[in-house]
Amino acid sequence: MVDRDATALDDPVGESLRGHHRHLARRLGRAAVYLPRVATFAAVPADPDPAEWADLARLLGRGELADLFSCPATPPADWEPVFTMDGVQMIGPADVEPVPGVVELGADDVPEMLELAARTRPGPFWPRTQEMGTYLGVRENGTLVAMAGERLRPPGWTEISAVCTAPESRGRGHATRLVRALAARITARDERPFLHVAAANVDAIAVYERLGFQIRKRVTFRGFRTP
């Protein structure tokens, strides 16, 4: 299944910041970060030199989080490690049928989206994260109980992220419906869906495999504090 320039997925943050998300980026030399309140992800070249690490530190500021996502480059010794987490990168099918029963979310829905993310902790979600792409939700009696959206956008690919369901509404297929609906929108514009999952979350990996996703590679997510 690994085709269509899948090498763009080796640096999904950098490819997004240089391309589809350049309007959401701050850049200095070959270092780049997302605008505040959009995402904490940062990118440097695969072989950064000391000057490029210095550029990234200057972009972020002293004592700030450099979320390097799956970048394998090792920062200088005075960058304090903050977190490390093993994960997997999965790529989805090339053709998905549209799915009913979801609603598109926008700027007016951000307070509810932030509340749902705070309750369910699907991963980083900030006040402007929804600007990265389309977000879909499921409402029950007018209340947002599940959501998922588009995040990173390397050429030819779109990441599905922030998949979450309120505890009281789980077991009703909302997450599956949302992932399928997003995948259908992505493939309809001749792109391919992909996503990232914590390696320890074997239940989620199994669900995504049933939806036609396959593991492309294992990754390590890392964050550091700038000196």
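This is a predicted model: local features need pLDDT of at least 70, side-chain atom pairs count only at pLDDT 80 or more; totals for chains, interfaces and linings use all residues.

Me: Good. With that in hand, where is Asp109 found?
Reply: Asp109 is in the loop that runs between strand E6 (103–105) and helix H3 (110–120).

Me: Buried or exposed, that Asp109?
Reply: Asp109 has a relative accessible area of 15%, and buried means under 20%, so Asp109 counts as buried.

Me: Switching topic: how many aromatic pairs does the structure hold?
Reply: Six. In one of them, the ring centres of Trp157 and Phe194 are 6.4 Å apart with the planes at 90°, so that pair is edge-to-face.

Me: Which strands do Trp157 and Phe194 lie in?
Reply: Trp157 is in strand E9 (residues 157–165) and Phe194 in strand E10 (residues 192–198), so the pair ties together parts that are 37 residues apart in sequence. Both Trp157 and Phe194 are buried.

Me: And which residues do ring pairs link into a cluster?
Reply: Phe41, Phe69 and Phe221.

Me: Now helix H5. Which of its residues are buried?
Reply: In H5 (residues 202–210) the buried ones are Ala204, Ile205 and Tyr208. They span an arc of only 100° around the axis, which puts them on the same side of H5.

Me: What's on the face of H5 turned away from that buried side?
Reply: That face carries the exposed residues Val202, Asp203 and Arg210.

Me: And what covers the buried residues of H5?
Reply: The cover includes strand E5 (80–91), E9, helix H4 (174–188), E10 and strand E11 (214–225).

Me: What follows H5?
Reply: Gly212, with a positive phi near 100°.

Me: On to the largest nonpolar core. Which residues touch the most other members?
Reply: Of its 35 residues, they are Met90, Met113, Met147, Val197, Tyr208 and Phe213. The elements giving two or more residues to this core are E5, H3, strand E7 (135–140), strand E8 (143–150), E9, H4, E10 and H5.

Me: Which element gives the most?
Reply: H4, with seven residues.

Me: What does Phe213 touch, not counting residues up to four places away in sequence?
Reply: Among them are Met90, Ile160, Val179, Phe194 and Tyr208. There is also a second, separate core of 21 residues, and that one includes Ala39, Ile91, Leu152 and Phe194.

Me: Where does Ala39 lie?
Reply: Ala39 is in the loop between strand E2 (31–34) and strand E3 (42–43). Its relative accessible area is 11%, so Ala39 is buried. Leaving aside neighbours within four places in sequence, Ala39 is in contact with Tyr34, Trp126 and Met132.

Me: How far apart are Ala39 and Val179?
Reply: They are 140 residues apart in sequence and 21 Å apart in space, C-alpha to C-alpha.

Conventions:
Residues are numbered from 1 along each chain as its sequence is written. Side-chain values use heavy atoms; hydrogens and water are left out. Rings of Phe, Tyr and Trp (its six-membered ring) pair if their centres lie within 6.5 Å; planes under 30 degrees apart count as stacked, over 60 as edge-to-face and the rest as tilted. Helices (H or I, at least four residues) and strands (E, at least two) are DSSP runs, numbered from the N terminus. Buried means under 20% relative accessible area, exposed over 50%, partly exposed in between (1.4 Å probe, protein chains only). The arc is that of the directions from the helix axis to the C-beta atoms. Contact means heavy atoms within 4.5 Å. A nonpolar core is a set of buried Ala, Val, Leu, Ile, Met, Phe, Trp, Tyr and Cys residues joined through side-chain atoms within 4.5 Å.
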